[in-house]
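Here's a quick briefing to read with the model open in your viewer.

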Amino acid sequence: MKAQIIQIGNSQGIRIPKTLLEDSGVAGDVELELHPDGILIRNISTPRGNWDKIFSSLAETDEDIAIDTPASTTFEKKEWQW
């Protein structure tokens, strides 16, 4: 997909098509990371940000074992092992 960098006030920006944002799940505050090939845009990850959803699903099914999801941060991968 091709896009153009545009002037937005004293800054520059890019318009991202709605369908691309919806398909990627990128929304709200984002993190920008410089890579050799360009700029990576991704959601800001919040540690244990999915716990509410997991707890709700556990309450609905009356299960007491957590759903095994991959760790989302380096801290969780190293410190919170099952």
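E31, E33 and R42 are linked in a network of salt bridges (a salt bridge is a side-chain nitrogen of Lys or Arg within 4 Å of a carboxyl oxygen of Asp or Glu). Bear in mind that this is a predicted model, where local features need pLDDT of at least 70, side-chain atom pairs count only at pLDDT 80 or more, and totals for chains, interfaces and linings use all residues. Residues are numbered from 1 along each chain as its sequence is written, and side-chain values use heavy atoms, with hydrogens and water left out.

**Salt bridges**

- Searching the whole structure turns up three salt bridges.
- R42 pairs with E33, and the closest N and O atoms of the two are 2.2 Å apart.
- R42 also meets E31 in a salt bridge, at 3.6 Å from N to O. Because E31 sits in strand β3 and R42 in strand β4, this pair ties together parts that are 11 residues apart in sequence.
- K18 has a salt bridge with E22, with 4.0 Å between the closest N and O atoms. These two are four residues apart in helix α1, so about one helical turn separates them. Both K18 and E22 are exposed.

**Overall layout**

- The protein has three helices and four strands, which run β-β-α-β-β-α-α along the sequence. Helices (H or I, at least four residues) and strands (E, at least two) are DSSP runs, numbered from the N terminus.
- Of the protein's 82 residues, 7% count as buried.

**Nonpolar surface patch**

- Which residues make up the nonpolar patch on the surface? They are M1, I14, I16, L20, V30, L32, L34, I39 and I41, with about 930 Å² of accessible area together.
- Strands β3 (30-35) and β4 (38-43) are the elements that give two or more residues to the nonpolar patch. β3 gives the most, with three residues.
- To count for a patch, a residue needs over 30% relative accessible area and no salt bridge; like charges are joined within 9 Å, and nonpolar side chains (Val, Leu, Ile, Met, Phe, Trp, Tyr) within 5 Å. The areas come from the Shrake-Rupley method with a 1.4 Å probe, and for residues only the protein chains shown count as cover.
- I39, found in strand β4, counts as exposed because its relative accessibility is 62%.
- I14 belongs to strand β2 and counts as partly exposed at 44% relative accessibility. Its C-alpha atom is 7.1 Å from that of A3, a residue 11 positions away along the chain.

**Largest pocket**

- The largest pocket has a volume of about 500 Å³. Grid points are joined across faces, edges and corners, and the volume is the space filled by probe spheres set on the points.
- Its lining consists of 18 residues, and I14, I16, L32, I39 and I41 lie nearest the centre of the pocket. Two or more lining residues come from each of β2 (11-14), α1 (18-24), β3 and β4.
- By class, the lining has 13 nonpolar, three polar and two charged residues. Ala, Val, Leu, Ile, Met, Phe, Trp, Tyr, Cys and Pro count as nonpolar, Asp, Glu, Lys and Arg as charged, and the others, Gly among them, as polar.
- On a 1 Å grid over the protein atoms alone, a pocket is an open set of points with protein on both sides within 12 Å along at least five of seven lines, where a 1.4 Å probe fits; lining residues have an atom within 4 Å of a point.

**A helix-end check**

- S24 is found in helix α1 and is partly exposed, with a relative accessible area of 44%.
- Between the C-alpha atoms of S24 and N43 there are 9.6 Å, and the two are 19 residues apart along the chain.

How values were computed: Buried < 20%, exposed > 50% of the residue type's maximum accessible area, 1.4 Å probe, protein only.
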